[in-house]
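Please read the points below alongside the sequence and the coordinates.

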Amino acid sequence: MKKKARLSGKAVEGMKGLLSDLGGIARKPLNGIDTIKSALDVGTRKKAPPVGILLGSASDHDVMKGVVEVLDELNVAYEIDIASAHRMPDKVAAYAKAARERGVEVIVCGAGMAAHLAGAVAANTTLPVIGVPLKSGALAGVDALYATVQMPSGVPVATVAIDGAKNAAYLACEILSIKYPNIADRLARHRAESRAAMEKTAEKIRKT
Ligand code: RP5
């Protein structure tokens, strides 16, 4: 009898979280781009949001929701889906090949272990691809870091730190800010706020 493929407990939990996050269809206008975030229709819609987020597995969602949190905070629209480089290679290639024409402007990929996702996406598009190496397995993300960052010349992947989901989102926004002045303004405001918060803490420390 054929053995059924089973998802790990972590993957099932990640999938549940992802589906509950995507449960309510959210519309978010950005610079005239009206978007719907849905795990179901990525790759088929004509007008895509500027940021595409791909996860190598449902088990990556816990960390990768950091990308979503930052994009929500900066009011930048995105679409998110699971596209595993080794389990769904055809979906990965199709997504990457169609992305530019659909209107995607930056792609963020998060994957762990041998982490081929960002490289496989970069191989199929000339859009900027940001890779987030994720901590998992025996090598705790060092494997994913090397696999993501060590792209051969000509097919770059801008790689952030292990589990650096939030920085991937900020970097995606910085890339978009070249074209969208309102995103540049929001980034500048965010930097100013984070500086002010640090000064406030410093003030407290100085007084103790
Ligand atoms: C990678 O292998 C995924 O990106 C994930 O980080 C890791 C484990 O995947 P699952 O076995 O949990 O699906 O491909």
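1. Basis. This is a predicted model, in which local features need pLDDT of at least 70 and side-chain atom pairs count only at pLDDT 80 or more, while totals for chains, interfaces and linings use all residues. Residues are numbered from 1 along each chain as its sequence is written, and side-chain values use heavy atoms, with hydrogens and water left out.

2. Ligand surroundings. Twelve residues surround the ligand, and the closest are Ser57, Ser59, Asp60, Arg87 and Gly112 (a residue counts if one of its heavy atoms lies within 4 Å of the molecule).

3. Polar atoms at the ligand. In the side chain of Asp60, an N or O atom is 2.6 Å from an oxygen atom of the ligand. For Ser59, a polar side-chain atom lies 2.7 Å from a ligand oxygen. Gly112 takes part through its backbone, with a polar atom 3.0 Å from an oxygen atom of the ligand. Of the 370 Å² that the ligand exposes when taken alone, the protein buries 82% (Shrake-Rupley method, 1.4 Å probe).

4. Asp81. This residue lies in strand E4, residues 78–82 (strands are DSSP runs of at least two residues, helices H or I runs of at least four, both numbered from the N terminus). Asp81 counts as buried because its relative accessibility is 7% (buried is under 20%, exposed over 50%, partly exposed in between, with a 1.4 Å probe and protein chains only). Its side chain is joined to that of Lys91 by a polar contact of 2.9 Å (a pair of N or O atoms within 3.5 Å; within protein, one must be able to donate a hydrogen and the other to accept it, and residues adjacent in sequence count only if both atoms are side-chain atoms).

5. Thr148. Helix H5 holds Thr148, which counts as buried because its relative accessibility is 3%. A polar atom of the Thr148 side chain lies 2.6 Å from the backbone oxygen of Ala144. Leaving out residues up to four places away in sequence, Thr148 touches Ala115, Ala118, Gly131, Pro133, Val157 and Thr159 (heavy atoms within 4.5 Å).

6. Surface patch. Which residues form a nonpolar patch on the surface? They are Leu139, Val142, Tyr146 and Val149, with about 370 Å² of accessible area together. Val142 is in helix H5, residues 142–149, and counts as partly exposed because its relative accessibility is 37%.

How values were computed
Patches are made of residues with over 30% relative accessible area and no salt bridge: like charges are joined within 9 Å, nonpolar side chains (Val, Leu, Ile, Met, Phe, Trp, Tyr) within 5 Å. A salt bridge is a side-chain nitrogen of Lys or Arg within 4 Å of a carboxyl oxygen of Asp or Glu.
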